[in-house]
Amino acid sequence: MKKVGVAILGLGVVGGGTYRILTDHAEFFRTTQHVDITVESVLEKNRERALALGVPAEKLAANIAEVVLDPDVNIIVECMGGVTDAKDYDLDALNAGKTVVTSNKELFCKYWHELERAAKQHNAGLFFGASCVGGVPVIRTLLDGLQSNEISSLVGVINGTTNYILTEMCERGIPYEAALAEAVARGYAEADPAADVEGYDAAYKLSILSSLAFHTKVPYSKVCREGITKVTAADIRNAHELGYTVKLLAVGKNTPAGIEVRVHPAFVAKGHPLASVGGSYNAVFITGDCVGDVMLYGKGAGDLPTGSAIVSDILYAATHTELHYATFKNTAAPAKDVKFVSDFESAYYLRMKVADEAGSLAKIAAVLSHGGISIERLMQRTDGDSAEVVLVTHVTHESAVANAVHKLTANGSAEVCSVLRVL
Ligand code: HSE
């Protein structure tokens, strides 16, 4: 039976889950995959944590050189997080001809091209299935299940922390701060929750997923990003009344005008499959020209779900001889002929405050009509001398809405409190 030695760099949540799966399922993998996988080495600063997980003391490495030089190690799993050390360690491993499996989405989305170059030069494998959407096998599905399709769009709820926060705000009516504190306490959030709530984590994942789906480099810098910190209880209540829920969406589209990639909170109609993705769960809704719509759903974070993706990559690497790389020329920047669309089209939800007096609505309608924006739904609540006007537009351009908001504010016809896209 083929023997494969694994080293794990970092025994935090994900590394710990990976270690547990590899040790608990070793016999299962021998039986089902016909491969004998052993953890030969672990690099973890917190010795006590490693020993508590059952790592034998003699398997604890002192430094990366020891891991890379170990002839029994074939595959190095990096679950360290952060970028600087992780990048150096991954490059050390690849340069030594070892296969690298990583869950590090920030590193991967920023330095994929450098890692891939080193892997190709040294005939090493490079696997990143755990970098996006944890245990949900969306990367493997794009690479090995949907490659017969031209994919036109990929829309996902791909950050568990923000989905947990928004679900709690929608279902329990609790304020943003309380929901964030709960998400952090439950261990869903990144070390710095800003990476979640400001949309960076989702943007890193969208950059990787869109590159795979559209066969071209979609740099992280091209993702239009907006977080959830400005979503208020009033928006959540209005969403509910209008028949929507609120999600942080990652949207990737390949249109005749170019590629559109964006991460932002959005109203999602309650009948849409993504509306039912609650709590810390993730889902990705993919549309291909042959298959039609496909939705993948599951846990996007956590020790065993993310460990599941890592160990699947280890097994894939251990049982396949040919190496797979990106289907496009993987460089820091996309090819010159690839166009990106930032003035995308969407329907919009607007919440504004106006004086409760004759002509207020007419002024708003005039600005929108001048901008070519058609109103689909309108709702108003009065409160003393002021009124809250809520409207949903028909599909229009991002720039048209930005101009209208600017005019409404500049001519004093309304105080625009919220602008959210509608799926
Ligand atoms: N903080 C991330 C999330 C973890 O909430 O989805 C997985 O990337």
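Arginine 30 and glutamate 27 join their side chains in a salt bridge, 3.0 Å from N to O. A salt bridge here is a side-chain nitrogen of Lys or Arg within 4 Å of a carboxyl oxygen of Asp or Glu. The model is predicted: local features need pLDDT of at least 70, side-chain atom pairs count only at pLDDT 80 or more, and totals for chains, interfaces and linings use all residues. Residues are numbered from 1 along each chain as its sequence is written, and side-chain values use heavy atoms, with hydrogens and water left out.

Both partners of this pair belong to helix 2 (residues 26-32), where they sit three residues apart, about one turn of the helix. Helices (H or I, at least four residues) and strands (E, at least two) are DSSP runs, numbered from the N terminus. Arginine 30 is partly exposed at 27% relative accessibility. Glutamate 27 is also partly exposed, at 48%. These classes rest on relative accessible area: buried is under 20%, exposed is over 50%, and partly exposed lies in between (1.4 Å probe, protein chains only).

A second pair lies within helix 6 (residues 105-121). Lysine 110 and glutamate 106 meet in a salt bridge at 2.7 Å, N to O. They are four residues apart in helix 6, so about one helical turn separates them. Lysine 110 is partly exposed at 30% relative accessibility. Glutamate 106, at 25%, is partly exposed as well. In total, the structure holds 23 salt bridges.

The domain assignment, which comes from an automatic or database source, gives domain 1 (2-131), domain 2 (138-300) and domain 3 (345-422). The C-alpha centres of domain 2 and domain 3 are 26 Å apart. Their contact (heavy atoms within 4.5 Å) takes 15 residues from domain 2 and 14 residues from domain 3. About 1400 Å² is buried between the two domains, 50% of it on carbon and sulfur atoms. Buried area is the accessible area (1.4 Å probe) that two parts lose on being put together, summed over both. Asn238, Leu242 and Phe267 supply 39% of the area that domain 2 buries against domain 3, more than any other three residues.

Four salt bridges are counted between domain 2 and domain 3. Glutamate 388 forms a salt bridge with arginine 237, with the closest N and O atoms 3.6 Å apart. This pair links distant parts of the chain, 151 residues apart: glutamate 388 is in strand 14 (residues 386-393) and arginine 237 is in helix 12 (residues 233-242). Glutamate 388 is buried, at 14% relative accessibility. Arginine 237 is partly exposed, at 40%. Arginine 381 and glutamate 241 also pair, at 3.0 Å from N to O. A network of salt bridges links Asp235, Arg237, Glu241, Arg351, Arg381 and Glu388.

Helix 15 (residues 398-410) has 13 residues. From its first C-alpha to its last, helix 15 reaches 18 Å, close to the expected 18 Å at 1.5 Å a residue. The expected span is 1.5 Å times one less than the number of residues. Its buried residues are Glu398, Ala400, Val401, Ala404, Val405 and Leu408. Just after helix 15, glycine 412 takes a positive phi of about 70 degrees.
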